[in-house]
Amino acid sequence: DRRFPPWLRTIAPKSGCTLFEESKNCFPVTSTSVTLPLFAKFKMRIDSVHYADRGETPNIHKLPEDVLKKRKVVYIDIAEVTEAEKKKKMYASDTSDPRTFKSTTTGRGPLHQGWQQESKPVMCAYKLVYTEFDYW
């Protein structure tokens with residue numbers, strides 16, 4: 001309930017502030033659909049492909065050319081610290097922060113600047129997000 005904007009909570013019934021999530025997992029490919037029953041035209045789908053590379057595969061989702069032209073690629077570095085992150089606590093403890101955690105089982109970690117090019121083994125999670133909100 002608190003994840004919804006205050007203006008939506010004031011006009012929506014309590015039952016309307018419920019998201020429905022459906023996931024299909026056939027690793028290394030997953031697909032998650034999110035709907036909001038109050039807004040029948042709101043839909044979001046997140047398709048994921050996990051692949052053993054460093055994010056170099058240009059069209060891992062095999063998108064047609066017209067969709068590929070609309071796509072915006074965003075690289076996320078889980079060890080990067082932005083100015084906004086410096087002002088808030090990102091992780092509950094050091095054991096969940098990839099910048100400070102070191103695995104006693106594998107010996108991997110902590111992640112430092114440039115880890116993507118040096119770490120082995122490495123896997124990239126490619127995410128493709130579709131949204132539909134036809135209200136305006």
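Colleague: Why is T30 called buried in this predicted model?

Modeller: T30 has a relative accessible area of 15%. Buried means under 20%, so T30 is buried.

Colleague: Where does T30 sit, and which residues is T30 in contact with once its neighbours within four places in sequence are left aside?

Modeller: The place of T30 is in strand 2. With those neighbours left aside, T30 is in contact with K24, N25, I46, D47 and S48. Among them, N25 has T30 as its bridge partner in strand 2.

Colleague: What makes K62 exposed rather than partly exposed?

Modeller: The relative accessible area of K62 is 69%. Exposed means over 50%, so K62 counts as exposed. K62 belongs to the loop between strand 3 and helix 2 (65-70).

Colleague: What is noted about the backbone of K62?

Modeller: Its phi is positive, at about 55°, although K62 is not a glycine.

Colleague: How do you know that strand 1 and strand 2 pair?

Modeller: Strand 1 (residues 20-26) and strand 2 are linked by seven bridges, in the antiparallel sense. Pairing needs at least two bridges, so the two strands pair. One of the bridges has K24 with S31 as its partner in strand 2. A hairpin of two residues leads from strand 1 to strand 2.

Colleague: And how do you know that strand 2 pairs with strand 3?

Modeller: Eight bridges join strand 2 to strand 3, and the two run antiparallel. The requirement is at least two bridges, so strand 2 and strand 3 pair as well. T35 stands opposite K43 in strand 3.

Colleague: What is the order of the strands in the open sheet?

Modeller: The sheet has four strands in the order 1-2-3-4, with antiparallel pairing.

Colleague: Why are strand 1 and strand 4 said to stand at the edges?

Modeller: Strand 1 and strand 4 (124-133) each have a single partner strand, so one side of each is left without a neighbour in the sheet. From one strand to the next, the twist averages 10°.

Colleague: What makes the set with L8 and A12 a nonpolar core?

Modeller: The set is L8, A12, C17, V34, L36, F39 and F42, and is the largest nonpolar core, with seven residues. A nonpolar core requires buried residues of the listed nonpolar types, joined through side-chain atoms within 4.5 Å. Strand 2 (29-36) and strand 3 (39-51) are the elements that give two or more residues to this core. In soluble globular proteins, nonpolar side chains tend to be buried together.

Colleague: Which residues is A12 in contact with, leaving aside its neighbours within four places in sequence?

Modeller: A12 is in contact with C17 and L38. Of these, C17 is listed in the core.

Colleague: Which peptide bond at P28 is cis, and where is P28 found?

Modeller: The bond joining F27 and P28 is cis, with omega about 20°. P28 is in the loop between strand 1 and strand 2.

Colleague: What about the peptide bond from K120 to P121?

Modeller: That bond is cis, with omega near -10°. P121 lies in the loop between helix 4 (115-118) and strand 4.

Note on methods:
Residues numbered from 1 in each chain as written. Predicted model: local features only at pLDDT ≥ 70, side-chain atom pairs only at ≥ 80, totals over all residues. Heavy atoms only, no water. Buried < 20%, exposed > 50% of the residue type's maximum accessible area, 1.4 Å probe, protein only. Contact = heavy atoms within 4.5 Å. Axes fitted to C-alpha atoms, helices over the stretch in contact; angles between N-to-C directions.
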